[in-house]
Amino acid sequence: VFCLEIFLTPFGSGDELWNYNFAKNIAEGLKPYSDISMIQTPLSAYISGTFLKMFGCGMLVYRVVGYLLMVSIFVVLYKLCVETIQNKLTAFLSMLFSLSLNSLCFIYNYNYLSVFVVLIIMYLELLNSKSYTGIRNALIGVLFGLLPLIKQTTGGALFLLNLCVCIYYIFKKGKTNHLCRVILSLVPGILYLGYLLISSSFNAFMEYAVLGIGSFTHKDTFLNYITDSPINFFFGLIPILILLYIVYSFLVKKDFDALKINYLCISLIWLIFVTYPLCDSSHLFVGIIPIIPLFLLIIKNRKSVINIV
């Protein structure tokens with residue numbers, strides 16, 4: 001029912017047309033940066049552009065791509081919540097809460113593709129905490145490496161987080177398996193860099209996607225958002241209250257372990273970078289999604305346990 005809103009919303013949103021045109025141009029054979037003035041990194045546009053190439057360049061096809069991504073996000077979120085809380089009703093309600101918010105302003109773009117990848121990473125980390133496998137660890141590395149190719153700011157910050165965590169485990173804990181994760185996280189970026197050099201697009205990429213970011217910065221802060229209307233204030237309180245409870249659980253109840261710390265770092269960095277410097281309902285709602293599994297993980301066991309692995 002929620003996903004019907006994707007098809008019933010009238011065409012014409014500036015952001016949707018902006019992202020659609022990137023995908024359409026790629027489907028028609030144009031190269032990002034050298035042929036198209038494009039600020040973000042291109043993986044999101046390449047994925048939607050592939051669908052347009054296969055099924056036609058109409059806006060309806062682009063909406064179907066958005067529908068598929070939306071369903072995928074909330075299927076993974078539900079599965080992650082079930083594995084976290086071990087309660088299907090709670091998991092369903094948590095997914096439904098997030099879906100009800102995000103369906104209000106959902107369009108296919110790099111933020112939603114990024115959060116889809118983030119949720120998969122969190123799910124794999126949860127499975128690894130129960131029974132570690134090298135294949136999952138390697139896949140996590142690849143996914144962290146793909147994030148900067150979807151959006152250079154949020155993806156780059158999460159990529160650096162993974163790098164710091166891996167360095168910590170390698171040098172402080174002696175866990176050399178994290179070296180594989182580091183190496184594999186570098187592979188997508190190296191491959192794309194090679195493509196830019198071969199296609200003579202590197203200078204244009206630097207001009208647009210690196211040096212040109214500041215030209216398209218919209219400074220609308222979280223404070224501006226919550227003071228704009230009572231509704232915005234209410235929605236803005238949601239992540240604040242959840243995060244305050246999580247901090248209380250960590251500092252006062254001493255209820256934390258390696259997985260919870262990992263989730264907290266991912267959720268905080270994602271929320272900060274997706275809402276800064278532009279904070280509106282779309283960015284805030286997508287920013288809340290990774291906090292939900294962390295919150296469920298915190299409330300699952302109320303005993304005071306310290307278990308750093």
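I take a cavity to be a set of grid points where a 1.4 Å probe fits but cannot get out. The model I consulted is a predicted one.

**Entry 1: cavities**

I looked up how many cavities reach 30 Å³ or more, and the count is two. For the largest cavity I noted a volume of about 50 Å³.

I then listed its lining: Ile6, Glu16, Tyr62, Arg63, Gly66, Phe106, Ile107 and Tyr108 line the largest cavity. Helix 4, residues 59-85, contributes the most to this lining, with three residues. Sorted by class, the lining of the largest cavity holds five nonpolar residues, two charged residues and one polar residue.

**Entry 2: the second largest cavity**

I recorded about 30 Å³ of space for the second largest cavity. Its lining consists of Glu125, Phe144, Leu161, Asn162, Val165, Arg181 and Asn262. Helix 8, residues 152-171, supplies the largest share of that lining, three residues. By class I found three nonpolar, two polar and two charged residues in the lining of the second largest cavity.

**Entry 3: helix 6**

At 1.5 Å a residue, its 21 residues should span 30 Å, and the end C-alpha atoms lie 31 Å apart, which agrees.

Finally, I checked the N-terminal end of helix 6, which asparagine 109 caps. A side-chain oxygen of asparagine 109 lies 3.0 Å from the backbone nitrogen of asparagine 111.

Key. Residues are numbered from 1 along each chain as its sequence is written. This is a predicted model: local features need pLDDT of at least 70, side-chain atom pairs count only at pLDDT 80 or more; totals for chains, interfaces and linings use all residues. Side-chain values use heavy atoms; hydrogens and water are left out. On a 1 Å grid over the protein atoms alone, a cavity is a set of points where a 1.4 Å probe fits but cannot get out, and a pocket is an open set with protein on both sides within 12 Å along at least five of seven lines; lining residues have an atom within 4 Å of a point. Grid points are joined across faces, edges and corners, and a volume is the space filled by probe spheres set on the points. Helices (H or I, at least four residues) and strands (E, at least two) are DSSP runs, numbered from the N terminus. Ala, Val, Leu, Ile, Met, Phe, Trp, Tyr, Cys and Pro count as nonpolar, Asp, Glu, Lys and Arg as charged, and the others, Gly among them, as polar. The expected span of a helix is 1.5 Å times one less than its number of residues. A polar contact is a pair of N or O atoms within 3.5 Å; within protein, one must be able to donate a hydrogen and the other to accept it, and residues adjacent in sequence count only if both atoms are side-chain atoms.
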